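Work through the exercises below with the sequence and the model open. Each task is followed by a solution in steps.

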Amino acid sequence: LPRALLLLGPQRPWQRLPRHLCSSSSSSCGAADSPPAGRRCRHRLVPDAPTWRNVADSELPPPTAIDSDTIALLERLSLVQFDTADTVRVVAEAVRFADELRLVHAGPEVEPMTSLPEAWGWRCPLRADTPAEQPRTAVLSNAAQTEEHYFVAPPGNIAAKDSGRERLDRLAEGAKSKASRSSRS
Amino acid sequence: MSGLKRLWQGVIGLEVHAQISSASKLFSASPTAFNMPVNTQVSLFDAAIPGTLPVLNQRCVELALKTALALNCRINDVSAFDRKHYFYADMPAGYQITQHFRPLANHGRLEFYWQPDDNDPTSIAESVADIVQLQLEQDSGRSLHDSERQLSLIDLNRAGVALMELITGPTLTCGAEAAGFVRELVDLLRCLGACTGSLAEGALRVDANVSCRPAPPAAGGSGLGVRTEIKNINSLAALARAIDFEVARQAAVLDAGGEVINETRALADDATGRSVSMRDKERVQDYRFMPEPNLPPLFPSDLLPAASVDLPPPDQLPPGLRRRLRQELGFSYQHLASSVVAARPLADWRYLDAAVTAAKLSRPVTSPHLGRWFVHCFLGNCFRLLGESAAAEDSGISVESFGAFLSLAMDCAMISEEVGERLLKRMFAQPSMDPLAEVQRLNWFLTRNPTEVASRFSQFFHRQDIASKNLDQLVKYGKFKLRGNSKKASVIEERFLALFMEATEYTVDRTVAAKVVADILQSGVAPPPS
């Protein structure tokens, strides 16, 4: 009886998705193409066996060039200092890793999902317009420096004196001269 | 370089940020009162303390939707919030929650009147501005910069307050037009109760995007030139001047063969509209817009009933009201633009309508004096004698009496303007008075018959003080006439005319009197005493 109720129950959004993640022609899926008769597949979104596929470098689009202008922009946008020559290599590798996402083709009819509630039709909750008193001491308690109840901050958005780009250029020059010295000796 | 100078036309779009008049902030329950002690209206969410989440304020959405409806916008079925990332001390989270990809409403329009010619107060033009986008967003805090000690003091009271951003299309052409648009928008927002609209208090902030293109536009292209953005504008007059200055500056650059740089400029001098460049060329800003994952999408149609429950019909909103006053009652720009017009209760306009009908004035009224009589004189007297919040009916002057007054005053052949003003004052003092009877009793009708005017002038001339006090003037007049210096002679004629008009208490037709005075003075013969 409970099974019958399950079958007759209201359709949930995820029940409209295809039964299995991978298509039936793929050989890496260990699951049966269709569940035994009379039984529903419970793990619709999770395959029975891992479906990893190694992506070859040739399949990816050409690697993104990271030049010193890009480094300067990234420093300003992220407030992360690029102070070693290794950093550029790390960033390039991270970008290459993320390039695999470009191989996913979801098709134009699939809307990108921002958050899970959006998928099940949850609407933005609304709040009545009633103000509540706020604790000034609690808000200021984490600040390292305050003055007459103001937060104290550095002036404006002034870049650090020694920007990462100049440092990298210096490092690159140092590496070049080192290489030339070692090649000469 | 060719010797021909091309004419350039300004292309202006505005970004208006209006602070929504709600009791609490957009995503938190902090109060939004003005001028409160530092950092007393900051919740943990506003200070970006981890472990807090935004919750949308229903009233803010309702007021924004009300504005969108009043601006004839197309309300979107689904609207979502996004994060706009940049680092600044007055924005603790490092991003601002705004609506970039799916705003609340698009494609609205606002009709407005403006004055094309500064020197001619009767010049008037009508324009329509496109409202490209209307969206909700958070405000940032306030920072006070101390350059001596190299630090900034941050007050987060304003951080998180709801702002409505309105972006207009590039259809405005000059500073006066932009100022006219903002004036109309402010009146509309005030009428809806969505925003106080005070530029000085910072409740309404305007940034202008200015570029130039050839006038007339080049054939085969709607190409828009490189634009600059002007910030830090605090008043309507400063807005107009800043835009005109920037258009002139760009035209000069383009005339010299140079190129306009895409930059942000700050208004430095309110009086001349001069602006200075804020950022250097290399700075590139990447806001990395991303959908706000903590807020599910908003369906504005759920809130439309609440938003439109007290929305006045279009002809009672300031734009529609002004259009009707202009087209039906012939109001001039001076009176249309007056903030008095937008702030009056609707009962006042019904009163005026009834009075115009009682006066049997033909519609549409073409004479511009109706605006002057009602807005300047009648409502002015109401304000002075009865107080700020008095309505037209509180004067006690019945619609029929005011109608009778209008039929007297609007006909230039009946009574002069000065007599009309005096009569109105008397009517306020004694509301039950019949204006026509009063004018007859005091004999204030205009004398237009030249012989009558001449006899009144001779009465005036032979009064002791006039002739003797102005003997030197008469002598000078004779000299100017001999030398043929007609300009200086007419100055003296004007003087005598002014004295005459004052003496007769303005009950003499001015043109007839001017002619009589000129004739008599030119004849050089003293008029016969009568």
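A salt bridge is a side-chain nitrogen of Lys or Arg within 4 Å of a carboxyl oxygen of Asp or Glu. By this rule, a search of the whole structure finds 36 salt bridges over all chains. The model is predicted, so local features need pLDDT of at least 70 and side-chain atom pairs count only at pLDDT 80 or more, while totals for chains, interfaces and linings use all residues. Residues are numbered from 1 along each chain as its sequence is written, chains are lettered from A and ligands numbered from 1 in the order in which they are written, and side-chain values use heavy atoms, with hydrogens and water left out.

**Exercise 1. Outline chain A.**

Task: State what the secondary structure of chain A comes to and how the elements run from the N terminus on.

Step 1. Helices (H or I, at least four residues) and strands (E, at least two) are DSSP runs, numbered from the N terminus. Chain A has six helices and three strands.
Step 2. Their order from the N terminus is α-α-α-α-β-α-β-β-α.
Step 3. Buried means under 20% relative accessible area, exposed over 50%, and partly exposed in between (1.4 Å probe, protein chains only). Of the 185 residues in chain A, 16% are buried.

**Exercise 2. Follow a salt-bridge network.**

Task: Find the partner of A:Asp99 in a salt bridge, then say whether A:Asp99 is buried or exposed.

Step 1. A:Asp99 pairs with A:Arg102, and their closest N and O atoms are 3.6 Å apart.
Step 2. A:Asp99 counts as buried because its relative accessibility is 4%. A:Arg102, at 53%, counts as exposed.
Step 3. A:Asp99 and A:Arg102 belong to a network of salt bridges that also links A:Asp57 and A:Arg96.
Step 4. A:Leu101 lies in the loop between helix H3 (85-98) and H4 of chain A. This leucine is exposed, with a relative accessible area of 65%. Its C-alpha atom is 9.4 Å from that of A:Leu60, 41 residues apart along the chain.

**Exercise 3. Compare two pairs in chain B.**

Task: For B:Arg149 and B:Arg324, name the salt-bridge partner and give the distance.

Step 1. B:Arg149 bridges to B:Asp146, with the closest N and O atoms 2.9 Å apart. B:Arg149 is partly exposed at 43%, and B:Asp146 is partly exposed at 21%.
Step 2. B:Arg324 bridges to B:Glu328, with the closest N and O atoms 3.5 Å apart. Because they are four residues apart in helix H5 (residues 318-329) of chain B, about one helical turn separates B:Arg324 and B:Glu328.
Step 3. B:Arg324 is buried at a relative accessible area of 19%, whereas B:Glu328 is partly exposed at 30%.

**Exercise 4. Read the faces of a helix.**

Task: Which residues of H15(B) are buried, and why do they line one face of the helix?

Step 1. Helix H15 (residues 471-483) of chain B has 13 residues.
Step 2. B:Gln473, B:Tyr477 and B:Phe480 are its buried residues. Seen down the axis of H15(B), they fall within an arc of 65°, so they line one face. The arc is that of the directions from the helix axis to the C-beta atoms.
Step 3. The face turned away from the buried side of H15(B) carries the exposed residues B:Leu471, B:Leu482 and B:Arg483.
Step 4. Just after H15(B), B:Gly484 takes a positive phi of about 80°.

Conventions
The expected span of a helix is 1.5 Å times one less than its number of residues.
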